[in-house]
Amino acid sequence: MDADTGFSFGDLLRRFRGSANLTQEDLAARTGLTPQAIGLLERGERRRPHRYTVQKLAEALELTGQDHSRFEAAARRSTARRAVAELSRRDLPAPATPLIGRTREAASVAHLLRHEDVRLLTLTGPGGVGKTRLAIEVAARSHEAFADGVTFVALAPLRDSVLVLSTIAEALGIKDVAGQTLRETVEQHLRGKQMLLLDNFEHLLFATPVVGDLVGACPGLTVLVTSRAPLRLGAEHQFPVPPLPLPDAEGPIQMGVLEQSPAVELFCQRARAVLPAFELTTTNAATVARICQRLDGLPLAIELAAARVKLFPLQTLLAKLAGRLQVLTGGMRDLPERQQTLRDEIAWSYDLLNPGEQALLRRLAVFAGGCTLEAVEAVCGSGAVEQADSNVLETLASLVDNSLLVSRSEVSLRQEDEQPRFTMLETIREYALERLASSGEVEEAQWKHAQYYLELAEAAQPQASESWDELDWWSRFTRLEREHDNVRAALSWALQNLEMETGARLAIALWWFWIEQGYSSDARRWMEALLALDGAEGRTGEAPHKLPARTKAYLLQVSGILAMVQGDHDHAVTLHEESMSVYREMGHKKGVSASLRELGFVAYEQGDYDRAVSLHEQSLVLAREFGTTFGVAWSIRALADAVREQGDLKRARRLLEEGLVLSRGKEHAWNIARTLASLGSAACEAGEYARASRLYEESLELGGRRMGLSHTILLCLEGLARVAVAQGRIERAARLCGAAAALREDRGWPLPPAKRAEHERTVAGIRGALGEEAFAAAWVRGHALPLEEAITDTLGKDE
């Protein structure tokens, strides 16, 4: 560095060349050097310029006086620093492979180490995330900031915290000094500008006072530590090292994007080390991306998996990674023994926990996709956890500190508070599940997990007839979305263990959420699996399992609704007729009314409006006699829609007004929103487009913006598109068609057969009126809008 300005030799060379208006090629020609050599000197990649080279450069730049002296002095200091740096770098392990995907982290850590107030920095993270490799890279990059060098201290082999100070002394080459304690000798040695890199501290946390004392006694000392747990010292700054960013393996393959993925790049590099002919191609790219995803982006896991490409085709390797811990073995022999298999790497962390922490980690493995504190306390708060530590939150905090859990805050929908959510890398979860199974606790933990999420799902179940705060629709669905993986895990457990009541109650509580959020295919599979268990053989000596008749009838009815939603109308009819048969055998008139109504919906979607009217009229008769106010109003609206399609607008409107009065009287928000949309359709059919627009928008405000009812939103978007066409607002119509198409695609809802021809005529008319280019632009704008923005855009447009 230049003593006066702080410029390095390379900086001065570049500045003087610029002042002389010379390119690198010009200066190379004057000195006999190559342009590449000039570039290396300017970038600081060649830091020991020969004296003759410095002289030729000074002459070519015509430096004199003070500029010449500064130039030569900077060159001498560069040479001296390089010599010191080479001595210090001999203490750093030489990595066998380049560092991949850590450019940002390396720069951030190096930047932190340049702050005067950061003298103890701990890189934390789970085993196998690459803390040591990152620390070595940072230390190598930072050597110029530490005139007395960087010393690497490997602590992994130690088992006794008492040996930490003597191990540091040994790494520094310090000998005992008569009349001084070892600590005094080490402190005296470290008072210069020096860095210590203490690697793998997590199992020696009783020695943290040693580190704190050294930092306090040695003002010129900076300590960089790698540890799975923080040291919890007052001077400590923490830098969590995350797994590598994961590629998107679900969408269309974009080779350019995947090639830039650090996880994919690391996999390919290590795969080529064992199979030189390995290449990333359009054929295998998606599989490689899914492998990296399954391994949580952990560098060690990716390296171990890549080494297996010599044995398995990629698809086979991906399938085998369902049991990651069995496959990910056989690491390099020059690695520490614990890093030669993924299981040993995780076991190292597990064995450092106390019994209460181990018990909690095991039980947390039953959660899929994370959990809240409330869920942890309900499912895990017993036995060894409570015996070791009655405060579950403190134990969770310890697991987070040990990099075995990740905690993040979730903001509630009402923005009133934040609550922590705890997640576990799947590689760690697999190990914890193994330990849970071997502990004998797995059955209790899974049962408690299923019961907790059953209660949550039933509490969140939409009750169409409720009079409740509309915002609650959003909050209930949002919570179910967050816990969907846990709910699926609970359902899987119920099916595998023939817990038919638990499974049926879960499915019944979730079916409307599944439809509204676009999980209809999943829902059908769950329903079919539950119905297939009816009459299944029990365990030895047990009677066959039977679903209660009412439960079976309801599951059949919901299965029929799901089939219709996906356009499988024939199967929907079969299921509804079977459901109605069970209800009739029970003498359950309310259930028969519901089955008739659902059969009417199927007929309506198929365009058989006479049959739809007949079925809805039968349903309404029973509903008036045996049903609830909501059921009556729902059947009235269903009948009115079918009557409207027959062309009897007067009767349709009369029915809808009756239903609206009933629903408003009970404040049934769901039915109000749907009835308003049906009144909008009736007004549109009558050519009353301004009224139709107002009704659709009122329905969209209530059912869409406030309640988040996807099917109501869809009806309103498509209805408003028809109104826009009639009013000559063609660009708005194209945009609304795009937004509606996006919602259908996202939810998996095909157009009903009876509506396809009308829809195609409408779109063709819009395209013809706008022209292909303008239509495509408007349609794409609508299609690209997130749903909430599409609602706001629609309600805010008055052009």
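Q: What makes two strands a pair?
A: Two strands pair if DSSP finds at least two bridges between them.

Q: Why are β2 and β3 called paired in this predicted model?
A: Five bridges join β2 to β3, residues 194-199. The cut-off is at least two bridges, so β2 and β3 count as a pair. The two strands run parallel.

Q: What makes β1 a partner of both β4 and β5?
A: Four bridges join β1 to β4, residues 221-226, and five bridges join β1 to β5. Each count meets the cut-off of at least two, so both are pairs. Both pairings are parallel. Leucine 121 stands opposite leucine 224 in β4, while leucine 123 has phenylalanine 239 of β5 as its bridge partner.

Q: Why are β2 and β5 said to stand at the edges?
A: The five strands form an open sheet in the order β2-β3-β4-β1-β5. β2 (150-154) and β5 (236-240) each have a single partner strand, so one side of each is left without a neighbour in the sheet. From one strand to the next, the twist averages 20 degrees.

Q: Why is β1 described as largely enclosed?
A: A residue is buried if its relative accessible area is under 20%. Five of the five residues of β1 (residues 120-124) are buried, so the strand is largely enclosed by the rest of the structure. Leu120, Thr122 and Thr124 point one way, and Leu121 and Leu123 the other way.

Q: Which strands does helix α8 lie across?
A: Helix α8 (residues 164-172) lies across β2 and β3, running at about 135 degrees to β2.

Note on methods. Residues are numbered from 1 along each chain as its sequence is written. This is a predicted model: local features need pLDDT of at least 70, side-chain atom pairs count only at pLDDT 80 or more; totals for chains, interfaces and linings use all residues. Side-chain values use heavy atoms; hydrogens and water are left out. Axes are lines fitted to C-alpha atoms, for helices over the stretch in contact, and angles run from 0 to 180 degrees between N-to-C directions. Contact means heavy atoms within 4.5 Å. Buried means under 20% relative accessible area, exposed over 50%, partly exposed in between (1.4 Å probe, protein chains only).
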